[in-house]
Amino acid sequence: MRITNHPILTFPEKEEIKFMFEGEPVKGYKGDTIASALHALGIKTLSYSIKKHRPRGFYCAIGNCASCNMVVNGKPNVRTCITFLEEGMDVKVQVNKGVIK
Amino acid sequence: MINKDLIIIGGGPSGLCAAKTAAEAGIDVMVIERSNQLGGQLIKQTHKFFGSKSQYAKTRGYDIAGILIKDLESKSNLEIMKNATVVGLYPDLVVTVLFEGNYIKYQAKSIIVATGASEKFLAFENNDLPGIYGAGAVQTLMNLYGVLPGQEIIMVGSGNIGLIVSYQLLQAGVNVKAIVEAAPTIGGYKVHASKIRRLGVPILTKTTVQRAIGTTQIEAVELVSLDEKWKPIAGTESIFKIDALCISVGLSPMHQLLSMINATTKFIPELGGFVPVVDHHHETSVKGIFVCGDAVGIEEASSAMMEGYLTGLYIAEHLGKSHPEQESLKKLYETQLSMLRDGPFGVKTKIGLEKMREGMKHA
């Protein structure tokens, strides 16, 4: 969910950005990171832990903790909390250590 | 290999302040920042700062970031590199930077590590469920991107960050069900705590999280009361339905780059954990490598800024240069810093610094 009313900050309407999540077309806004755009769509599971395959969301949002790592445009281990959303990005939940093809 | 007089790793409050005084002393400075904007964690802080005027009191965090960035404008001997991550630091003052997919090497005459801190975590069952965030992450998500972490939230930790972020959650329209504090007393300033309480949010002391409940994301949390020995009291468990849990149990200094070069570190709980041991001029055990801000001990941003200004001046001396107002500025910032530490919340820092001095073998 996005903030609409705030006593201090303003969040003016921004340009839409279309991207793919798990093969489905979805939308975010200019200025979003991949993680913030997914979050606004209610998508909180970004990866699965390597051994026990437990769902993982982001924890730190500033690129420290690695729990938001996803596969973006085929590239694994992209820190989605600090990577800005771009038109046409192909974003997938990461389920392993990450393989570079 | 590119040569630089001074490389500052981290463009947060401390790094920017160090860049200002060092550049004014005529040093060729480069600031390397991981993210796409300068200001560090100030850019998401919507609250007004305390302290005196020279510490930017009554100014909102993000406005302070703006001031610090403006201070660096039109300095021809200052270069700023954003979206760049330092991936290697070597004792002979070489820095490897990852920038746009390329590795670039710099040879510096001096280095300031101003990497800040990372959020601590808390051990409980299911603490890895999506929907459990650090307090800083919640601030980033809300105040930078305008996205809510959830509708109903519980905050763990009543330090200043826990209290301030709770207030910011309320401002954004989130229902903060409670603030949980394991200690018998509230950690942060009374003025923040009172503000939260007036809005009807209970602050539950001697209470902690027993476990998180949920399958794909957090759905509820079980709280439990603690006895004098901080042990859970059986029968006091209660379950709260929430869709987000916020953890604010402190910060730990980001000393990793310094560990890479075997700089002496020491575990000092009062400063947040492992910290590099520094002398009175903020130099580490590795000659020419300095540290300032949260990376050398957790304090408030005001202290980090004063430390930054000072470290820039110390670097000037180290490189045989001098700021036009070297002595007067040193005196000013040293006084400001000790004033900040004289308050009741500076006690911990002072004890921590004393412990650090005891471990100073190289000074």
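Which residue in S6(B) does Val97(B) stand opposite? Val97(B) faces Ile104(B) there. The model is predicted.

**Domains of chain B**
- Chain B is split into domain 1, made of residues 2-118 + 251-358, and domain 2, made of residues 121-247.
- A distance of 31 Å separates the C-alpha centres of domain 1 and domain 2 of chain B.
- Where the two domains of chain B touch, domain 1 contributes 5 residues and domain 2 contributes 7 residues.
- The domain 1 side of that contact in chain B comprises 1 nonpolar, 3 polar and 1 charged residues.

**Strand pairing around S6(B)**
- Strand S6 of chain B spans residues 102-113 and runs parallel to strand S1 (residues 2-9) of chain B, with 7 bridges joining them.
- Within S6(B), Ile111(B) is the residue that Ile7(B) stands opposite.
- S6(B) also pairs with strand S5 (residues 94-99) of chain B, here in the antiparallel sense and over 6 bridges.
- S5(B) and S6(B) form a hairpin with 2 residues between the strands, and Glu100(B) in this hairpin has a positive phi near 50°.
- A further parallel pairing, with 3 bridges, links S6(B) to strand S19 (residues 289-291) of chain B.
- Val113(B) has Val291(B) in S19(B) as its bridge partner.

**Helix pair H1(B) and H7(B)**
- In chain B, helix H1 (residues 13-24) packs with helix H7 (residues 301-318) at an angle of about 35°, and their axes are 7 Å apart.
- The crossing of H1(B) past H7(B) is right-handed.
- On the H1(B) side, the residues that meet H7(B) include Pro13(B), Gly15(B), Leu16(B), Ala18(B) and Ala22(B).
- On the H7(B) side, those that meet H1(B) include Ala301(B), Met305(B), Gly308(B), Leu313(B) and Ile315(B).
- Sorted by class, this helix contact holds 13 nonpolar, 6 polar and 2 charged residues.

**Contact between chain B and chain A**
- Chain B puts 26 residues into the contact, and chain A puts in 28 residues.
- On the chain B side, strand S7 (117-119), strand S8 (132-134) and helix H3 (135-144) each supply at least two residues.
- H3(B) gives the largest share of that side, with 6 residues.
- The side of chain B that touches chain A has 10 nonpolar, 13 polar and 3 charged residues by class.

Methods: Residues are numbered from 1 along each chain as its sequence is written. Chains are lettered from A and ligands numbered from 1 in the order in which they are written. This is a predicted model: local features need pLDDT of at least 70, side-chain atom pairs count only at pLDDT 80 or more; totals for chains, interfaces and linings use all residues. Axes are lines fitted to C-alpha atoms, for helices over the stretch in contact, and angles run from 0 to 180 degrees between N-to-C directions. Helices (H or I, at least four residues) and strands (E, at least two) are DSSP runs, numbered from the N terminus. A crossing is left-handed if the near helix is turned anticlockwise from the far one by less than a right angle, and right-handed if clockwise. Ala, Val, Leu, Ile, Met, Phe, Trp, Tyr, Cys and Pro count as nonpolar, Asp, Glu, Lys and Arg as charged, and the others, Gly among them, as polar. Two strands pair if DSSP finds at least two bridges between them. Domain bounds come from an automatic or database domain assignment.
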